[in-house]
Structures are given as C-alpha cells and as structure tokens.
Amino acid sequence: MNATTDRIRRQVSDLHHQLVRYGLVVWTAGNVSGRVPGEELFVIKPSGVPYDELTPGNMILCDLDGNVVEGEHAPSSDTAAHAYVYRHLPEVGGVVHTHSTYACAWAARGEAVPCVLTAMADEFGAEIPVGPFALIGDDSIGRGIVETLRGHRSPAVLMQSHGVFTIGRDAEAAVKAAVMCEDVARTVHLSRQLGEPLPIAQADIDRLNHRYQNVYGQKSVDR
Ligand SMILES: [Zn+2]
C-alpha cells in the first residue's frame, strides 16, 4: 500500500458517513468510490457491510475493470458501473450512487428535475437528466451513466426507475453533487405540489453556472 492509496481509502471511507449524515441512504444501500490519482485503480465500499463498520482498512481496491486488487470483502454490487465510468470518463475522480428518496421519486416517473432555482443553475447548470432503465449485471448501467452525462453540465443522472449516480473531479465533489441533487429534487417536488415552477431563462442559467463554476469556484478547492 502506498500513501496515495491510503489517502483515498480514508477519504472514501469518511465520505460514506456523509451519505448517512445527509439522509441519502438506508441500510447498506449507496456507495462512494474514488480514483487513485496516477494509478489505474479506484477504491470502493465493500458489499453488505453496515455503514457503522466501514473503515479505511475494509474499503476495496479495484482495477478499472472492477476486479479486486486488495480487500477481504466482495466489492459493492455496483462496482462494474463505477469501473465503466472511470474507464470512459478520464476526468472523473469520484462516483457516488444512492437511492435518495426525492431523487428516486423523480426517477420512478422517468422525469428530469427542471432547472428552476438559481442554486440549481449554479451546481448543475441544467436540468438533472434521466438515464435509461438498465439492469445490474453487465455494463448497461455504466453505459447509461456515461452516455447521459458525457457532454452534459449536470454531474448527476437519475437512472430511470432506480436511483442517482453522480460524478466529480474527486469523491468529495461527487458526494456534494449527490447531496445537492437530493436537496433540489425535494424542493422542486414541493414546489410542484402548489403549481408549476417558473422557468429560468437559458441565458441566466448559463451566466449563473459560469460564475459559480469559474469565478466562485476558484476561491476554494472544496466548494
Ligand atoms: Zn442502486
């Protein structure tokens, strides 16, 4: 084990506790992974281990085909989807998957969350799109994530009838996107109960997103 791998193990383990803190997961559902910089490797949660028992030491180190390189447990059952994303989107350093409640309510209808709040324009720069219905077991979930998010501003995709996948330059950014995705899914859902949310003009969405991602973003690495 080297220092970089150890750092990513610790980061990925700690970030799983953020999923619990923000109410994005129940039981053992949900997972975070982080690419090991400079290596063809990523770190992901073990399958079926309760959140309270996750530690840097029991995280699983995998190669980019999803094969276990180091770890006592089986890796998360979503490992193939994470691996597919790392293979096809080299700029991605972190991936998160949750079944968070409000986002899943949109996914269950196969409906994108429209960009109707300035905070959403900041973070997502667009609607949060819907990816295809895909079953676990082969590359179809990973392919659906990549095909939906490649070239899209949103770092989050609602996989139809399933849940959320988010990407980021590192695992922390992907967790932030998962937290923000659930937050806006909840708010826009609540707004919908009383009428139709007002659209924001595309030019304003563009302006907000540019400012947040380029000007505001440079002030702090950990936005
Ligand atoms: Zn899932």
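This is a predicted model: local features need pLDDT of at least 70, side-chain atom pairs count only at pLDDT 80 or more; totals for chains, interfaces and linings use all residues.

Biologist: How much space lies in the largest pocket?

Modeller: About 680 Å³. A pocket is found on a 1 Å grid over the protein atoms alone, with a 1.4 Å probe; it is an open set of points with protein on both sides within 12 Å along at least five of seven lines. The volume is the space filled by probe spheres set on the points, which are joined across faces, edges and corners.

Biologist: Which residues are the closest to its centre?

Modeller: Ile167, Gly168, Arg169, Ala173 and Ala177, out of the 30 residues that line the largest pocket. A lining residue has an atom within 4 Å of a point.

Biologist: And which helix gives the most to that lining?

Modeller: Helix α6 does, with seven residues. At least two residues each come from α1 (3-21), β8 (163-168), α6 (171-192) and α7 (202-215). Helices (H or I, at least four residues) and strands (E, at least two) are DSSP runs, numbered from the N terminus.

Biologist: How do the lining residues divide into nonpolar, polar and charged?

Modeller: There are 13 nonpolar, seven polar and 10 charged residues in the lining. Here Ala, Val, Leu, Ile, Met, Phe, Trp, Tyr, Cys and Pro count as nonpolar, Asp, Glu, Lys and Arg as charged, and the others, Gly among them, as polar.

Biologist: Let us turn to charged pairs. How many salt bridges are there?

Modeller: The count comes to 10 salt bridges, each being a side-chain nitrogen of Lys or Arg within 4 Å of a carboxyl oxygen of Asp or Glu. One of them joins Arg87 to Asp139, with the closest N and O atoms 3.7 Å apart.

Biologist: Where do Arg87 and Asp139 lie?

Modeller: Arg87 lies in helix α2 and Asp139 in the loop between β6 (130-131) and α5 (140-149), so the pair ties together parts that are 52 residues apart in sequence. Arg87 is partly exposed at 32% relative accessible area, and Asp139 is partly exposed at 29%. Buried means under 20%, exposed over 50%, and partly exposed in between, with a 1.4 Å probe and protein chains only.

Biologist: What about Arg192 and Glu111?

Modeller: They form a salt bridge too, with the closest N and O atoms 2.6 Å apart. Arg192 is in helix α6 and Glu111 in the loop between α3 (101-109) and α4 (118-123), so this pair links distant parts of the chain, 81 residues apart. Arg109, Glu111, Arg192 and Glu196 are linked in a network of salt bridges.

Biologist: And how far apart in helix α6 are Arg186 and Asp183?

Modeller: Being three residues apart, Arg186 and Asp183 are separated by about one helical turn. Their salt bridge has its closest N and O atoms 3.1 Å apart.

Biologist: A new topic, please: is Asp78 buried or exposed?

Modeller: Asp78 is buried, yet has no salt bridge; the nearest side chain of opposite charge, Lys45, is 7.3 Å away. For charge, Lys and Arg count as positive and Asp and Glu as negative, while His and the chain ends are not counted.

Biologist: What does the side chain of Asp78 make a polar contact with?

Modeller: With the side chain of Asn31, at 2.8 Å. A polar contact is a pair of N or O atoms within 3.5 Å; within protein, one must be able to donate a hydrogen and the other to accept it, and residues adjacent in sequence count only if both atoms are side-chain atoms. Asp78 itself is placed in the loop between β4 (68-70) and α2 (79-88).

Biologist: Which backbone angles deserve a look?

Modeller: Most residues other than glycine have a negative phi. Trp27 has a positive phi, near 50 degrees, and is found in the loop between α1 and β1 (31-35). Ser161 has a positive phi of about 60 degrees and is found in the loop between β7 (156-159) and β8.

Biologist: Are Trp27 and Pro199 buried or exposed?

Modeller: Trp27 is exposed, with a relative accessible area of 79%. Pro199 counts as exposed at 69%, and its place is in the loop between α6 and α7.

Key. Residues are numbered from 1 along each chain as its sequence is written. Side-chain values use heavy atoms; hydrogens and water are left out.
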